[in-house]
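This briefing sets out selected features of one protein model. Please read it alongside the sequence and the structure shown here.

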Amino acid sequence: MFGVIRRRVANGGLSSSSSSILRQSLQTVRPAPSSTSRVSDEILTHARGFEHVRKFSCLVSPRGRTISSRPVREVVSNMELTSSKKTWSRPFSSDTGVLLTGLYGFPSFVHYTLLWDLVDAVVPFMGESITDGTLAKFLKNPGDSVEVDEPIAQIETDKVTIDVASPEAGVIKEYIAKEGDTVEPGARIAVISKSGEGVAHVAPSENISKKAAPKQSASQTKDEEKQKPKVEASPVPEKPKTPATPPPKRSATEPQLPPKERERRVPMTRLRKRVATRLKDSQNTFAMLTTFNEVDMTNLMKLRSDYKDAFVEKHGVKLGLMSGFIKAAVSGLQNQPIINAVIDGDDIIYRDYVDISIAVGTPKGLVVPVIRNAAKMNFAEIEKEINTLAKKANDGTISIDEMAGGSFTISNGGVYGSLLSTPIINPPQSAILGMHSIVSRPMVVGGNVVPRPMMYIALTYDHRLIDGREAVFFLRRIKDVVEDPRRLLLDI
């Protein structure tokens with residue numbers, strides 16, 4: 001019967017035939033022919049697409065005849081209700097939430113409420129290779145107002161931090177998960193009330209515990225003082241004092257460890273653990289060897305200085321040195337395809353494309369966004385892509401797809417002042433180029449000693465696949481292109 005009422009309400013209201021069905025159904029459960037009962041059916045529909053509220057009520061006799069069509073509260077006062085009338089209630093299990101209450105032992109009041117006011121905030125899809133993440137922190141408290149797509153929590157994965165956004169505008173009713181929990185895509189994080197009714201603002205649990213702690217301790221101390229019986233102090237016989245033995249002197253060679261209170265133990269983030277695992281796997285898998293060379297940056301820096309204003313005016317982005325090294329790396333990979341290849345079991349996979357990974361250090365850890373099809377891009381397109389990816393990486397908004405893949409990596413430690421390093425290969429690649437700081441050093445040019453801006457460059461490669469000959473030729477090609485960028489125009 002109540003299923004019929006729900007369907008009628010969802011379709012826009014109740015007809016006269018639906019009311020007769022209700023009266024006929026109630027005749028079968030009347031307790032006595034002489035009793036008169038009240039039936040008040042109030043149906044409240046609050047859902048997407050419904051902007052009205054329908055209410056109806058009537059009084060029926062045990063035979064199903066209608067006594068009055070006035071509101072029930074106006075008629076009940078005329079009815080004689082004795083104290084023997086028993087009220088009962090029971091919950092009705094349903095997805096939409098129905099509560100049935102009644103008099104005389106049978107249901108007579110139906111309160112139907114659709115719970116479409118509540119929506120769940122769930123963990124979004126995190127990428128093909130990511131199955132779960134750690135709920136790092138909540139950005140909002142229960143009771144706070146949120147807008148559509150506003151971040152309410154952050155989830156740390158092995159590669160990136162992902163925001164959980166609110167699906168609707170409303171008020172946070174409660175959080176389902178806790179900080180530190182491992183969650184999977186689709187898991188419920190919070191419940192959002194679109195109307196915000198019945199939701200109270202909850203202060204952080206830390207403040208509540210701090211306020212409650214002193215009150216509780218004061219009351220406990222008073223109770224303990226009352227319960228403690230007064231005991232007369234009995235004289236304690238004095239014991240003979242023994243001379244205190246001095247602590248043993250430490251020898252000069254014994255190390256003095258710092259006290260434990262000066263140390264802090266902090267759990268590693270998932271990103272840091274993933275980076276640590278991949279770097280150690282790289283050392284255990286590859287036969288890594290590093291070769292070095294030095295580059296005279298005079299011509300590339302002069303090119304940048306001469307055209308930087310015109311470049312910004314036309315393309316809207318600054319001309320940096322990274323785009324010149326990426327173009328040089330593309331030329332080197334095209335001349336030495338084995339540097340762009342990788343070992344897969346007993347096979348060698350040659351990649352006929354060039355996707356350059358750029359190592360970016362962020363406050364949360366190292367991320368490596370990828371510049372797709374770098375061989376088809378000019379200087380301006382490369383600079384724009386670098387700026388976009390670097391900004392996303394620092395803001396923590398970079399996606400998994402923007403970091404997946406990559407056939408060759410460039411790491412610029414020179415921005416931090418590194419003079420020389422041996423970079424570690426980023427699997428599943430076979431080589432990585434390391435850039436370093438530019439230092440003015442005396443160089444012999446044309447028989448004369450002159451100061452020149454010099455940079456050391458390093459190539460770490462997998463010696464199982466790449467021989468020293470190919471590695472040196474590749475690094476020499478980068479040196480030639482950077483020292484004379486005109487080679488790129490002439491393809492020589």
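Two residues are said to be in contact, or to touch, when they have heavy atoms within 4.5 Å of each other. The model is predicted. Its secondary structure comprises ten helices and 25 strands. The protein has 492 residues, of which 35% are buried. Of the contacts between residues at least 6 apart in sequence, 60% link residues at least 24 apart.

**Arg304 and its surroundings**

- Arg304 is part of helix H6, which spans residues 298-315.
- Setting aside residues up to four places away in sequence, Arg304 touches Leu319, Gly320 and Leu321.
- Leu319 is 15 residues from Arg304 along the chain, and the C-alpha atoms of the two are separated by 6.4 Å.
- Arg304 has a relative accessible area of 37% and is therefore classed as partly exposed, since that class lies between the 20% limit for buried and the 50% limit for exposed.

**Packing of helices H7 and H8**

- Helix H7 (residues 322-335) packs against helix H8 (residues 379-395) at an angle of about 115°, and the two axes are 9 Å apart.
- The crossing of H7 and H8 is right-handed.
- On the H7 side, the contact is made by Met322, Ser323, Gly324, Ile326 and Lys327; on the H8 side, by Phe379, Ile382, Glu383 and Ile386.
- By class, the contact of H7 with H8 consists of five nonpolar, two polar and two charged residues.

**The second largest pocket**

- The volume of the second largest pocket is about 530 Å³.
- The lining of this pocket has 23 residues, and those closest to the centre are Leu303, Tyr307, Phe379, Pro485 and Leu489.
- Elements contributing two or more residues to the lining of the second largest pocket are H6, H7, H8 and helix H10 (486-490).
- H6 supplies the largest share of that lining, with eleven residues.
- The lining of the second largest pocket divides into eleven nonpolar, six polar and six charged residues.

**Thr134 in strand E8**

- Thr134 lies in strand E8, which covers residues 133-138.
- Thr134 counts as buried because its relative accessible area is 19%, and the class requires a value under 20%.
- Apart from residues up to four places away in sequence, Thr134 touches Gln154, Ile155, Glu156, Gly180, Asp181 and Arg270.

**Backbone geometry**

- Pro427 and Pro428 are joined by a cis peptide bond, with omega at about 5°.
- Pro428 is located in the loop that runs between strand E22 (408-412) and strand E23 (431-435).
- Asn373 is not a glycine, yet its phi is positive, at about 50°.
- The position of Asn373 is in the loop between strand E21 (370-371) and H8, and this residue is partly exposed, with a relative accessible area of 38%.
- Asp491 likewise is not a glycine and has a positive phi, of about 55°.
- Asp491 is in the segment after H10, and its relative accessibility of 66% makes it exposed, because that class begins over 50%.

Notes:
Residues are numbered from 1 along each chain as its sequence is written. This is a predicted model: local features need pLDDT of at least 70, side-chain atom pairs count only at pLDDT 80 or more; totals for chains, interfaces and linings use all residues. Side-chain values use heavy atoms; hydrogens and water are left out. Axes are lines fitted to C-alpha atoms, for helices over the stretch in contact, and angles run from 0 to 180 degrees between N-to-C directions. Helices (H or I, at least four residues) and strands (E, at least two) are DSSP runs, numbered from the N terminus. A crossing is left-handed if the near helix is turned anticlockwise from the far one by less than a right angle, and right-handed if clockwise. Ala, Val, Leu, Ile, Met, Phe, Trp, Tyr, Cys and Pro count as nonpolar, Asp, Glu, Lys and Arg as charged, and the others, Gly among them, as polar. Buried means under 20% relative accessible area, exposed over 50%, partly exposed in between (1.4 Å probe, protein chains only). On a 1 Å grid over the protein atoms alone, a cavity is a set of points where a 1.4 Å probe fits but cannot get out, and a pocket is an open set with protein on both sides within 12 Å along at least five of seven lines; lining residues have an atom within 4 Å of a point. Grid points are joined across faces, edges and corners, and a volume is the space filled by probe spheres set on the points.
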